[in-house]
Amino acid sequence: MSDQAHDGARRKFLGTAAAAAALAAAPGVFFWQGVARARGTDGASSEVRWGMLIDTTQCAKGCDACVRACNEEHGITSTGRPTTDAQWIRKLDVRDPATGHAHSLPMMCQHCEQPPCVDVCPTGASFKRADGIVLVDKHICIGCRYCMMACPYHARSFIHEPLQDQLPHAPRGKGTVESCTMCVHRVDEGRVPACKEACQEAGYGAIVFGNLHDPESEIAQRLAKEGGTKVRADLRLNQGVRYRGLT
């Protein structure tokens, strides 16, 4: 199957799945019709594609510095209900059943070039900037959670509880979906994401952040020299987050 045919088939499948889920969630209520709207410019440039390379050989089991930094940066706290608490980044321990070799790695929004969450969003709340960062516009998110069902990485959270003391750069709200923003507020200021900074300060340096389109950037040079794995590469989503050390 050609890439174009594959993409068409995937979009048709996701659209059908979303419609079925909508009927299950709200029978007879087609509340998304006519709601989608065009996305205005956000100032990002397609000359840049921001990405991360996570070296699992340097990611320490038991270290959660990246998770804590993400939570602090975005004002994410526990509600006392761990099963529904927001989680923009989580640590996973993955073991190869054939060899027994284990990896510890952070999992977050993979900032796909072809994001399924954007495909299924009925209002246009899920969108991708020109520089590849995938975001949620909380002003028009209706909390339908189709994007959560479409994401193969379980990278999105739904906010069940009222929130207080939100940070200006990280607006959040009950009844909306949220996920890793790649710390877009920092990136737009020329800084690096909080998780990358925390990993560096913890002494591991497992996260490399940079412009995938710049052949002189560290991330591009590391990928060219060492390679990188896309999780579920078979889906052809061309993620912005790559992993080193996975087999």
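This is a predicted model: local features need pLDDT of at least 70, side-chain atom pairs count only at pLDDT 80 or more; totals for chains, interfaces and linings use all residues.
**Entry 1**

I began with strand E3 (102–108). Six of its seven residues are buried, so I noted E3 as mostly covered. Buried here means under 20% relative accessible area, exposed means over 50%, and partly exposed lies in between, with a 1.4 Å probe and protein chains only. Strands (E, at least two residues) and helices (H or I, at least four) are DSSP runs, numbered from the N terminus.

Residues are numbered from 1 along each chain as its sequence is written, and side-chain values use heavy atoms, with hydrogens and water left out.

Next I looked up the pairing of E3. E2 and E3 are antiparallel, with seven bridges. Two strands pair if DSSP finds at least two bridges between them. Ile-89 has Met-108 in E3 as its bridge partner. The two strands form a hairpin with six residues between them. Gly-100 sits in that turn and has a positive phi of about 85°.

**Entry 1: helix H2**

How many residues of H2 are buried? I found seven of the ten in helix H2 (residues 65–74), so the helix is largely enclosed by the rest of the structure. I listed the buried ones as Ala-65, Cys-66, Val-67, Ala-69, Cys-70, Glu-73 and His-74. They pack against strands E2 (89–95), E3 and E8, and against helices H5 (184–187) and H6 (194–201). Contact means heavy atoms within 4.5 Å. Gly-75 follows H2, and its phi is positive, near 70°.

I then followed Glu-73, which belongs to H2. At 14% relative accessibility, Glu-73 counts as buried. Leaving out residues up to four places away in sequence, Glu-73 touches Leu-167, His-169, Cys-183, His-185, Arg-186 and Ala-194. Glu-73 and Cys-183 are 110 residues apart along the chain, yet their C-alpha atoms are separated by 8.4 Å.

**Entry 2: the three-stranded sheet**

I traced an open sheet of three strands in the order E8-E1-E9, with mixed pairing. E8 (207–211) and E9 (241–244) are the edge strands, each with a single partner, so one side of each has no neighbour in the sheet. Neighbouring strands here are turned by 20° against each other on average, direction ignored. For such angles, axes are lines fitted to C-alpha atoms, for helices over the stretch in contact, and angles run from 0 to 180 degrees between N-to-C directions. E1 (residues 50–55) and E9 run parallel and are joined by four bridges. I found Asp-55 opposite Arg-244 in E9.

His-111 has a positive phi of about 50° and is not a glycine. His-111 lies in the loop between E3 and helix H3 (116–120). Its relative accessibility is 1%, so His-111 counts as buried.

Arg-236 is not a glycine either, and its phi is near 55°. I placed Arg-236 in the loop between helix H7 (218–226) and E9. Is Arg-236 buried or partly exposed? At 38% relative accessibility, Arg-236 counts as partly exposed.

**Entry 3: cavities and pockets**

I used a 1 Å grid over the protein atoms alone. A cavity is a set of points where a 1.4 Å probe fits but cannot get out. A pocket is an open set with protein on both sides within 12 Å along at least five of seven lines, and lining residues have an atom within 4 Å of a point. Points are joined across faces, edges and corners, and a volume is the space filled by probe spheres set on the points.

I counted four cavities of 30 Å³ or more. The largest cavity has a volume of about 100 Å³. Of its 13 lining residues, Cys-109, Gln-110, Cys-112, Cys-117 and Cys-151 are closest to its centre.

The largest pocket has a volume of about 350 Å³. Its lining has 16 residues, with Val-136, Lys-138, His-169, Pro-171 and Thr-181 nearest the centre. E5 (134–136) and H5 each supply at least two residues of that lining.

**Entry 4: whole chain**

I logged seven helices and nine strands for the protein chain. Of its 247 residues, 45% count as buried.
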